[in-house]
Amino acid sequence: MAGGKDELFFSVNQLIIDGRKAKIDDFDPIQDKLEQQEIGTGREKETLSAKKISKEIRDSRFVCIYLEEGDKYPYPDKVVDSSKSKEIKNPRSVNQIELTNQFFAVIDVDSSRLYVSKQRNRNQFANWLGEIIKRKIEVKGVIKEEDFVKTIEYIKEISLSVEPSLFSSLSKTLSAKLVEDLYGFEAEETVVTFKYKKKKITDQVIQRVKDLIGRKSDFTDLTIVGRSDELFSTVFNTGEVINRITVPVDPNKSTQKFNAGEVFATLIKIIKDN
């Protein structure tokens with residue numbers, strides 16, 4: 001954690017629109033609105049999910065997009081009233097959808113960088129963005145695989161996963177005795193994780209990391225997390241290098257949701273300061 005706050009992570013990507021850098025007016029078609037996904041027709045029509053879209057421009061440079069989403073189901077018939085320690089009928093109507101899922105995106109048009117709060121949803125967001133603004137969207141990592149070790153000063157974590165059929169590859173990383181012991185557990189998959197408090201990059205560590213990346217096909221999964229300072233980290237995952245920023249903010253205690261204004265203000269300050 002940083003400064004006693006919870007951590008919200010943003011991955012950093014390069015945004016290309018119609019083969020060029022992003023411009024502020026590219027995003028004019030995005031309007032604040034509430035969307036609903038429906039199935040059926042007429043009286044059989046049913047809303048399954050809802051999405052609230054919000055957009056604001058900050059400093060004539062940052063396009064801040066906030067998506068809140070929720071699903072109709074699952075819907076429990078009963079809930080527990082904690083004040084009375086008993087089950088009661090769910091007071092929420094089945095047609096009332098809670099927007100519990102949050103997604104934040106910030107586009108810096110000066111650098112044409114895209115910052116997203118959930119990297120796994122990056123491509124889905126890019127497709128949605130392209131449909132809304134009617135343009136070709138490309139999203140790429142900002143760091144090449146071969147430049148990974150040049151961007152970090154400390155190692156935070158190394159995690160590798162391997163199936164039994166590939167156990168022999170571990171002998172190039174771990175001792176033969178340890179590999180033999182791991183094989184003895186007869187697991188369908190073995191995950192080995194090395195964690196560091198603040199391991200400074202040395203020539204030996206650099207060579208080890210390069211060897212692992214060079215043999216990434218030997219592993220079912222390989223993740224290496226490095227840091228350049230307290231807020232900036234770089235993640236090598238099989239097939240992709242992700243640059244990541246930690247945004248220290250607290251969620252609301254009752255809703256467990258982050259305040260969008262605070263998130264955007266904090267992230268933008270970090271970007272400007274660095």
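Accessible areas here come from the Shrake-Rupley method with a 1.4 Å probe, and for residues only the protein chains shown count as cover.

**Entry 1, ground rules.** I am working from a predicted model, in which local features need pLDDT of at least 70, side-chain atom pairs count only at pLDDT 80 or more, and totals for chains, interfaces and linings use all residues. Residues are numbered from 1 along each chain as its sequence is written, and side-chain values use heavy atoms, with hydrogens and water left out.

I looked up the surface first: the protein exposes about 16,100 Å², and carbon and sulfur atoms supply 46% of it. Of its 274 residues, 40% count as buried (under 20% relative accessible area; exposed is over 50%, partly exposed in between; 1.4 Å probe, protein chains only). I found 4 helices and 14 strands, taken as DSSP runs numbered from the N terminus (helices H or I, at least four residues; strands E, at least two). Among contacts (heavy atoms within 4.5 Å) with a separation of 6 or more, 63% join residues 24 or more positions apart.

I counted a pair of strands where DSSP finds at least two bridges between them. Strand β2 (residues 33-39) runs antiparallel to β3 (residues 46-58), with 7 bridges, and Q36 stands opposite A50 in β3. Their hairpin leaves 6 residues between the strands, and G40 in the turn has a positive phi of about 80°. Next I followed β3 to β4 (residues 62-71), also an antiparallel pair, joined by 10 bridges. R58 has F62 in β4 as its bridge partner. This hairpin has 3 residues between the strands, and D59 takes a positive phi near 60°.

A nonpolar core is a set of buried Ala, Val, Leu, Ile, Met, Phe, Trp, Tyr and Cys residues joined through side-chain atoms within 4.5 Å. The largest has 22 residues, and L15, F27, I65, I107 and F125 have the most contacts inside it. Elements giving two or more residues to this core are β1 (7-17), β4, β7 (101-108), β8 (113-116), α1 (122-133) and β9 (137-141). The largest share, 5 residues, comes from α1. Beyond its neighbours within four places in sequence, I107 is in contact with residues including L15, F27, F62 and I65. Apart from this core lies another, of 21 residues, among them I245, F258, V263 and I268.

I located T151 in the loop between β9 and β10 (154-162). Why does T151 count as partly exposed? Its relative accessible area is 29%. The C-alpha atoms of T151 and N243 are separated by 9.4 Å, with the two residues 92 apart along the chain.
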